[in-house]
Amino acid sequence: MTSPNTEAEHVEATNLLYRDPALYDAVQSDNTGAEMCQTLIELHRPDARTLVDFGCGTGRDLEILAKRFECIGVDLQPGMVDYAHQARPGLDIRTGDMRTVRLGKRMDVVTCMGNSLAYVHDNEAIGQIFATFAAHAWPGALLVLCSPVAPITRSEPTTATVDTPRGPATVTIRHTWDLRTQINTMHRHWALPSGDEARDEIRRRVLFPRELERYANGVGFEVLDITNGTGAGLTGPTAYTVARYTRS
């Protein structure tokens, strides 16, 4: 297993948004993950009061969830945590590796949003992360994950304009897929307002629904649903997994 510092440096180096947390917040400003998470909690555990979010990043989602729950956030990257402390000083956000971190607390809800799980590619390490989820769950606690469940395989690049704190940027994205490793790589080229350019190569592990169910079951979670929230069946590359902790 690589060290937390090495892993954090690698993730930061491959993703412009992690090197520039303010840009991350701007790009994610219309993300509805926190609202979807709240909807699933209200459906399956409406009496929940406490929540821990692993891979919380800048705390953008946690800030929304903290209006309803007593929250702790954990993220691997010190730069993101430092930014979160400055931007959202009222939140309890800590630096930690979700493969090994133990907070000494059990919560009503455990979340892992924003594709954080997908940055871990090794089967053993994924198992360690699910053990972390279990270690922080009361009996009956809810687990809510957001992760890729199918690859993006379109061959043609797409281009979009993104509003940033320093003006509009143009980003061009293409994807590649390695079935053997189940790694979906996003190749991203940025044309920034300053005239500079940046390139990202973001590698995400796709865990198919039955794989997610096996990892969850292995540490005592019973999967209640895997959904993308449309009500039209499981479609698209990303889904929410909802599970309940069944062990005492």
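Modeller: The protein chain exposes about 11,800 Å², and carbon and sulfur atoms supply 48% of that area. Keep in mind that this is a predicted model. Of the 248 residues in the protein chain, 49% count as buried. The chain is built with 8 helices and 11 strands. Its radius of gyration is 18 Å, close to the 18 Å that the globule rule gives for 248 residues, so the chain is as compact as a globular protein of that length. Along the principal axes, the C-alpha atoms fill a box of roughly 55 × 40 × 40 Å. As for contacts between residues at least 6 apart in sequence, 62% of them join residues at least 24 apart.

Now the rings. A search of the whole structure finds 4 aromatic pairs. One of them is F130 with F133: the ring centres are 5.3 Å apart and the planes stand at 70 degrees, and since an angle over 60 counts as edge-to-face, the pair is edge-to-face. Both residues belong to helix α7, which covers residues 123–135, and they sit 3 residues apart, about one turn of the helix. Buried means under 20% relative accessible area. F130 has 0%, so F130 is buried. F133 also comes out at 0% and therefore counts as buried.

Another pair is F221 with Y245, with 5.0 Å from centre to centre and 55 degrees between the planes, which makes the pair tilted. This pair links distant parts of the chain: F221 is in strand β10 (residues 221–227), Y245 is in strand β11 (residues 238–245), and the two are 24 residues apart. F221 and Y245 are both buried.

To put the two described pairs side by side: F130 and F133 are an edge-to-face pair within helix α7, while F221 and Y245 are a tilted pair that links strand β10 to strand β11. F130 is buried, F133 is buried, and so are F221 and Y245.

Note on methods. Residues numbered from 1 in each chain as written. Predicted model: local features only at pLDDT ≥ 70, side-chain atom pairs only at ≥ 80, totals over all residues. Heavy atoms only, no water. Helix = DSSP H or I, 4+ residues; strand = E, 2+ residues; numbered from the N terminus. Rg over C-alpha atoms; globule rule 2.2 N^0.38 Å. Buried < 20%, exposed > 50% of the residue type's maximum accessible area, 1.4 Å probe, protein only. Contact = heavy atoms within 4.5 Å. Areas by Shrake-Rupley, 256 points an atom, 1.4 Å probe, with all protein chains shown as cover. Phe/Tyr/Trp six-rings, centres within 6.5 Å; stacked < 30°, edge-to-face > 60°.
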